[in-house]
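Please open the model in your viewer and keep the sequence panel beside it, so that each selection can be followed in both.

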Amino acid sequence: MIEEALGGVYVHLPFCPYICPYCDFAKWPLRRSDALRYLTALHREIAAADRRPAENIFLGGGTPNAYDAASIVDLLARLRERFPAVDSAREITIEVNPDAVRPGDMDAYARAGINRLSIGVQSFRESESRALGRRHSNADVERCVRDARAAGIRSLSVDLIFALPGQSEASWIESLDAAIALGVDHCSTYGLTIEAGTPFERLYSRAPERFADEELEARLYEIAMDRLSEAGFAQYEISNFARPGHMSRHNANYWRNGSYLGLGVGAASYLDGERSTATRSLAEYMDAIERGEPAPRERERLLGLARLGEAMMLALRTAQGVDASAFNQRYGIDPLATYASTIAGFIEAGVLERSDEHLRLTRRGRLLANTVCGAFVTIE
Ligand code: SF4
């Protein structure tokens, strides 16, 4: 029997040389003994997984390049053996922190088949970068891009954050223009979220005036849409912009509600209609794997309207939007009839637009995307 291919494999590498005060990811300060023990556990988890072809592989974190290049090359060899490629266009991405890149890393990555780099820049204004707790300089980013290009890595992406404390329209334009001038192929832009339990939450509760209000945040987002589209990037998802041929295949699979396997602490999977998330406790993850057991996971099976609502929320994030007949075929429910009154209300409010069988966010809808897309998840 030929196994159905996975849309993606996500591998979480959770250690960081330093911890940023806004971050809510599953991450820990880099300690050599923990990092080695974790990598061994990950190798065991990979070896125990069902052998199955996978369209894309994504090494995320944390800071994956907190590990040396030899460890990354070895990890990829194990992943490629367990999850063979479906076609030659397979995308293999690694997230990197620019100040942790060492000479020779990019050549090693390229030889190991990595063809996409996601660079955590956040801001090109160094004062904003410092406020975020980041330690890299713009020169580190430039060197990272130069090394990656020289090594032949095909697709380069930068992450930028807007609505930062003290950020102005001018400084945001400066960051966008710097990314464009670097010649990267892809840009992800996220509005800063104040996450519970982070140092930024405490800072926000003491001095909310230091953070952008909703109005400024919306203006900054509009600036990103305009600036990047003028520079030849297509906005293919609410937060993601790509030059032709550089859309992230791995992320597109999430928005298509495709299958993926998550490996490592806190990693999420979506397999055979079941969503599951591995424990976010590092000790619990490593202890279970060392006992020869799978990592403890929280599981949830979405059925009927819950599954359709989730798929609507994901698809509406994309420029393509919802193709109602394809949805009807896949989920056995007609979304245009099921959500007729909600859709009519959103069209009336100017946040959704419909052409034949397609439903999309308008430009105004993109500004209110969380509310509009989120509405479909709560309908029962
Ligand atoms: S480098 Fe990334 S994952 Fe690590 S603490 Fe900073 S934001 Fe979080």
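This is a predicted model: local features need pLDDT of at least 70, side-chain atom pairs count only at pLDDT 80 or more; totals for chains, interfaces and linings use all residues.

Residues are numbered from 1 along each chain as its sequence is written.

Select the ligand, and then the residues around it: Cys 16, Ile 19, Cys 20, Cys 23, Phe 25, Lys 27, Gly 61, Gly 62, Thr 63, Asn 97 and Gly 120, where a residue counts as near if its C-beta atom, placed from the backbone, lies within 6 Å of the molecule. By class, this shell has five nonpolar, five polar and one charged residues; Ala, Val, Leu, Ile, Met, Phe, Trp, Tyr, Cys and Pro count as nonpolar, Asp, Glu, Lys and Arg as charged, and the others, Gly among them, as polar.

Stay with two members of that shell, Gly 61 and Gly 62, which are joined by a cis peptide bond with omega about 20°. Gly 62 sits in the loop between strand S4 (54-61) and helix H2 (69-82); helices (H or I, at least four residues) and strands (E, at least two) are DSSP runs, numbered from the N terminus.

Next select Gln 122, a residue other than glycine whose phi is positive, near 75°, and which lies in strand S6 (residues 116-122). Gln 122 is buried (20 or more other C-beta atoms within 10 Å of its own, all placed from the backbone), with 24 such atoms.

Finally, go to Asp 356, also not a glycine, with a positive phi of about 50°, in the loop between strand S16 (352-355) and strand S17 (358-361). Asp 356 is exposed, with 8 other C-beta atoms within 10 Å, the cut-off for exposed being 12 or fewer.
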